[in-house]
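Here is a guided look at a two-chain model, written to be read with the structure open beside you. Take a moment to bring it up, and then we can walk through it together.

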Amino acid sequence: MTTTSLVEALAGIVGARHVRTALPERWTYSRDGLPTHRHVPGVVVLPGSRDEVVAVVRLLAALGIPFVPRGAGTGLSGGALADDDAVLLVLTRLNRILKIDPQNRVAVVEPGVVNVRLSTAAAPYGLQYTPDPSSQTACTIGGNVAENAGGPHCLKYGVTANHVLALEVVLADGSVVELGSPGGEPWGPDLTGLFVGSEGNFGIATRIAVRLLPVPRAVRTLLADFPALRTAGEAVSAVIASGIVPAALEMMDQSCVQAVEDSVYAAGYPRDAAAVLLVELDGSREEAVAADADTIEGILRANGARGVVAAADAKQRERLWLGRKKAFGAMGRLSRDLVVQDAVVPRSALPDVLETIGRIASSYGLTVSNVFHAGDGNLHPNISFDGRVPGLRARVDAASGEMMAACIAAGGTITGEHGVGLDKLRYMPMIFDGDSLAAMRAVRHVFDPDERVNPGKVVPVHACREWSGVRNAEWGVLAP
Amino acid sequence: MSLLDRVRALLGDDAVDVAATRDGVPRVAPASPDAVALLLGTARAEGWRVRIEGAASWLAADAPADLALTTRRLDKIPAIEPQDLSATAEAGIGCDLLRQQLADRGTWLALDPPGLAGRTLGSVVATATAGPLRQGFGSIRDHLLGVTFVTGDGRLVQSGGRVMKNVAGYDLTKLEAGSFGAFGVIVLVHLRLRAVPRADRTLALEGSREDLAQVTDDITAAGIQPAAHELLSPALARRERWTLAVRFAGSEALVSAEEAGLGAATGGRFTALRVDEARALWTHAAECFAARPVTFRIGGLPESSDELLDLLQHQVGDEWISASPGIGAIRWGGETTADRLRRLRRTLAGLEVPLTLERAPWPVRAAVGHFGAYREGVGPLVTGLRRTFDPGEAFVVAVEGTE
């Protein structure tokens, strides 16, 4: 089939206005939230219903054409990018909230529903969808499922996987499978859990049932400032060891604080602090949350906080959070380009790893700002740079690699919530041996034997081949 | 060379339990993950059929096989990290020993699986058998940071890690949890821990099932967030009538406030149990299931809990039941037949409620299967995954029944 006839066939399914072929239109979809990867898709198609998704996928299966599912494109790993030999399947038109069942605290949504919209829709019932990535005003729940997205409040409430009950999935061949059940108990092995976080490699979720939780009746938000990054890291360990689980425990370093305070998102963070911690406690009982907040304040002060301020009202709380959630945007002030890194270390390793990251940045002459989910040990070192400066991208790449190696050496991993995508492929062999990578690839083949869905992501094929060639053959994994 | 001689040559004399098993199947106890891999690689080459055992106190050690692979010697705890609230333990460690060692370091694994105290960690993970604490702390998978397992052809595969968040690669940990060993022998488990709660209190209320269902609604409506909220049948609770047991765990402030909230929402009808009474209640409720020949779990919507209990009462009786009405999960224990289980599974499937057979004598397991009544398209995926992880069909696991 020629490109022209493919486009005509796609237009026959979704309507001509929902198929994008002109280069400027396709260029729009050539990046996600990470500026270091650009891939221009061959064709962009925007189905408007589950049946259209099925028809498009069946057409592409018949033609053997690879495709990449994409939500709002806010990902930070290059995971939703397609090459010019692939079709980009954009799911933002599947944006209906199909059901909110307040009695059972369940919602059913299409994949293109923007994260925050679900909580807004559930609010009249006193419920919310708890996973809250910083991009929640733009990112879609389908994308959250693909990446197993986290967010500040995942410390207490868990990541996306902890909230997904059931999925309707369109596989690579266009067949439809139902995973999980409305109550969350799987029909057999936990394929829902396996699917969440598979970065689109296993198919397209067209219907997603999620758990809703009551909006907390009591909330306390504390802002603590520290004279040293290490002290703040040590305070995090002390809070965790107390047995009180905050809803969120976030850290920002001085560079990040100053970027926020210089921006329209200025939150009143102390500019001279080496680091600030934003700690939120919530629950159903006002008196319990207040008492726990007092305990945490004492712990923070005992562990070196210069000051601890409690948000006086909802407005101040919102302002404190706006600064945190828009910190990545505020960093746009520091330089033209920004690489948002993502790694996780054991919480007790935070002080040492933060110092190591600082040393790596200095050795490469780079500006690094840290804003991250400290309670989970989920680091986000952000490198600000000007990509037009010759050689600078290579330095950023090399520094990123050293930071990943430092996190792995500390017992950590290369991504906690952004996914592997394209960006972290090269690091996968640093944490998984050849057999484990080959096993992942073999699992992928159960869902997508030809590796046509989001090709070239998550599992580095060369690592499977070079490091485990004979075993790959035994696994039934064939060289492409 | 006989099978046992081959095993002795591979793993040494002490890996073979000469006393063997009740059904005469030789029992092999590898002492390391590498030894498990060596054994299963050989099993694949020789065509041996292998059944997996832990302490054999939960799932009956009765599946027909050429050899029984027990994880009993994989009983080390390589790491407990109180500051990180994580631990790494081998799969054959008994839950009681693990719990004790964790407590000594001020940490707590918020799991209370059914069965005897010495059940192995691997058994709990492989069967995903969560207890009443699933209400407040989630199912088994929510406590796992990663696992290492050995496939049916002897490959060591690692998944996840030992940090709190991890999306590097596909989540094979979730696939392993609750797969009953169909995809591999779990040898090492990385666990998410909590600090030992400063306060841990249980309150109980006896009444008719209808009365307690109303109380449950009141608790939910009041926004009370218990660690456990369990409806226990009279036999299970060793009381005259059904018992609603509510457990709070956390800081003293939290537990006191929740207790007060419970009192306000239910008119002060609950009675606080002493520490020894609470321990006896929960322990007995857990251990009772190990004494029943058949145990299964079903998972519906919270609103349907009462209807599901009626259905169970009608089809298989309701003598041994532990239900978490706040989340729609029910565990049933007792005696029943394969035909009744099949019929019940079909009826429940019509209500979109899965039934997972947790334990039963082999003839019943083989006939009914741990799983069944798959939704559209699930069967071929499960078959494909089994072929991937156990290409020689070495593992004797009744994943699906014969119907």
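Helices (H or I, at least four residues) and strands (E, at least two) are DSSP runs, numbered from the N terminus.

The model is predicted, so local features need pLDDT of at least 70 and side-chain atom pairs count only at pLDDT 80 or more, while totals for chains, interfaces and linings use all residues. Residues are numbered from 1 along each chain as its sequence is written, and chains are lettered from A and ligands numbered from 1 in the order in which they are written.

## The sheet around it

β3(B) belongs to an open sheet of four strands in the order β1-β2-β4-β3 of chain B, with mixed pairing. Two strands pair if DSSP finds at least two bridges between them. Strands of a sheet pair through backbone hydrogen bonds, either parallel or antiparallel. β1 (16-17) and β3 (50-53) of chain B stand at the edges with a single partner strand each, so one side of each has no neighbour in the sheet.

Which strand partners β3(B)? Four bridges join β3(B) to β4 (residues 67-70) of chain B, and the two run parallel; in β4(B), Leu69(B) is the bridge partner of Ile52(B). β1(B) is joined by two bridges to β2 (residues 27-28) of chain B, and this pair runs antiparallel. There, Asp17(B) has Arg27(B) as its bridge partner in β2(B).

## Chain B as a whole

Chain B has 14 helices and 19 strands. Its C-alpha atoms fill a box of roughly 70 × 50 × 40 Å along the principal axes. For 403 residues, a compact globule would have a radius of gyration near 22 Å, and the 21 Å of chain B agrees with that. The radius is taken over C-alpha atoms, and the globule rule is 2.2 Å times the number of residues to the power 0.38.

Buried residues make up 60% of the 403 residues in chain B. Of the contacts in chain B with a separation of 6 or more, 69% are between residues 24 or more positions apart; two residues are in contact if their C-beta atoms, placed from the backbone, lie within 7 Å.

Most residues other than glycine have a negative phi. Phe180(B), which is not a glycine, has a positive phi of about 55 degrees. Phe180(B) is found in the loop between α6 (172-176) and β10 (185-192) of chain B, and counts as buried because 24 C-beta neighbours lie inside 10 Å.

Arg238(B) also has a positive phi of about 55 degrees without being a glycine. Arg238(B) is found in the loop between α8 (234-237) and β14 (242-250) of chain B.

## Where the chains meet

The contact between the chains takes 66 residues from chain B and 73 residues from chain A. On the chain B side, α14(B) gives the most, with six residues. By class, that side has 31 nonpolar, 20 polar and 15 charged residues. Ala, Val, Leu, Ile, Met, Phe, Trp, Tyr, Cys and Pro count as nonpolar, Asp, Glu, Lys and Arg as charged, and the others, Gly among them, as polar.

pLDDT is the predictor's confidence in each residue, from 0 to 100. The mean pLDDT of chain B is 95, and 99% of its residues reach 70 or more; for chain A the mean is 93, and 96% of its residues reach 70 or more. The predictor gives the complex an ipTM of 0.97 and a pTM of 0.96.

In chain A, pLDDT stays under 50 over residues 465-472. Where pLDDT is low, the predicted coordinates should not be read in detail.

Technical notes:
A residue is buried if 20 or more other C-beta atoms lie within 10 Å of its own, exposed if 12 or fewer, and partly exposed in between; C-beta atoms are placed from the backbone.
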